[in-house]
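Could you walk me through this structure in the viewer, stop by stop? I would like to know what to select next and what is there.

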Amino acid sequence: MIDKNRLEQELSQLPLYIYSNIDPKSLEFAQRVRYICEHDCPMYGKSWACPPGVGSVESCRQKCEQYANCLLIGTITEVPDIADTQACLATRPAHEKVTNQVRDLLREQGVEPYVLSTESCAICERCAYLDGLPCRLPGKMHPCVESHGINILPTLEALGVPFQYGENVVSWFSLLFYND
């Protein structure tokens with residue numbers, strides 16, 4: 001059983017601007033989010049962290065909703081120019097590090113979370129998906145939130161959390177699903 005007080009204390013020590021427990025069933029799953037992956041993302045069909053490797057939006061919804069709890073975490077980072085895509089993407093590893101720290105906090109309390117994070121997985125130089133093989137590091141690979149068809153904006157709005165903090169601020173979000 002998760003010690004919520006201990007978890008809260010540990011989360012408060014991390015560089016998170018938001019952490020909140022949400023009901024997995026409150027998340028909005030939408031085919032239109034998947035459409036963006038399919039038509040606008042260069043990683044579509046190239047990784048186990050992306051569609052179609054993650055399954056259909058409906059199967060992703062079912063997987064997420066089998067968990068009783070979901071921890072939403074978010075980080076923000078200022079960049080010199082928000083239009084500089086490379087500078088924005090360079091802030092992603094720091095968020096992934098925090099996501100892994102939160103994953104480890106949950107593991108220390110005896111639960112194995114299902115983690116959704118940012119962008120496509122970049123752990124392996126070449127994803128096994130391209131060779132028709134299973135993921136080499138399933139315990140470390142985190143599919144991205146959008147790959148599951150999740151529209152995070154309604155959840156942020158319900159929590160009163162702004163998605164954009166200003167011109168040169170990058171926001172990253174992860175979802176950690178777990179049962180205790």
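## First stop: a pocket

Start by selecting R92, P93, E96, N100, R103, T118, C121, A122, I123, K140, M141 and H142, the residues that line the second largest pocket. Keep in mind as you look around that this is a predicted model. The space inside this pocket comes to about 190 Å³.

## Second stop: a helix pair

Now select helix α1, residues 4-12, together with helix α5, residues 92-108. Their axes lie 11 Å apart, and the two helices pack at an angle of about 160°. Because of that angle, α1 counts as roughly antiparallel to α5. Look at the handedness too: where α1 passes α5, the crossing is right-handed.

## Last stop: a proline pair

Finally, go to the loop between α2 (31-40) and α3 (57-65), where P52 sits. Which kind of peptide bond joins P51 and P52? The bond is cis, with omega at about -5°.

Technical notes: Residues numbered from 1 in each chain as written. Predicted model: local features only at pLDDT ≥ 70, side-chain atom pairs only at ≥ 80, totals over all residues. Heavy atoms only, no water. 1 Å grid on protein atoms, 1.4 Å probe; cavity = no way out; pocket = protein on both sides within 12 Å on 5 of 7 lines; lining within 4 Å. Points joined across faces, edges and corners; volume = space filled by probe spheres on them. Axes fitted to C-alpha atoms, helices over the stretch in contact; angles between N-to-C directions. Helix = DSSP H or I, 4+ residues; strand = E, 2+ residues; numbered from the N terminus. Parallel < 35°, antiparallel > 145°, perpendicular 65-115°, else oblique. Left-handed = near helix turned anticlockwise from the far one by under 90°.
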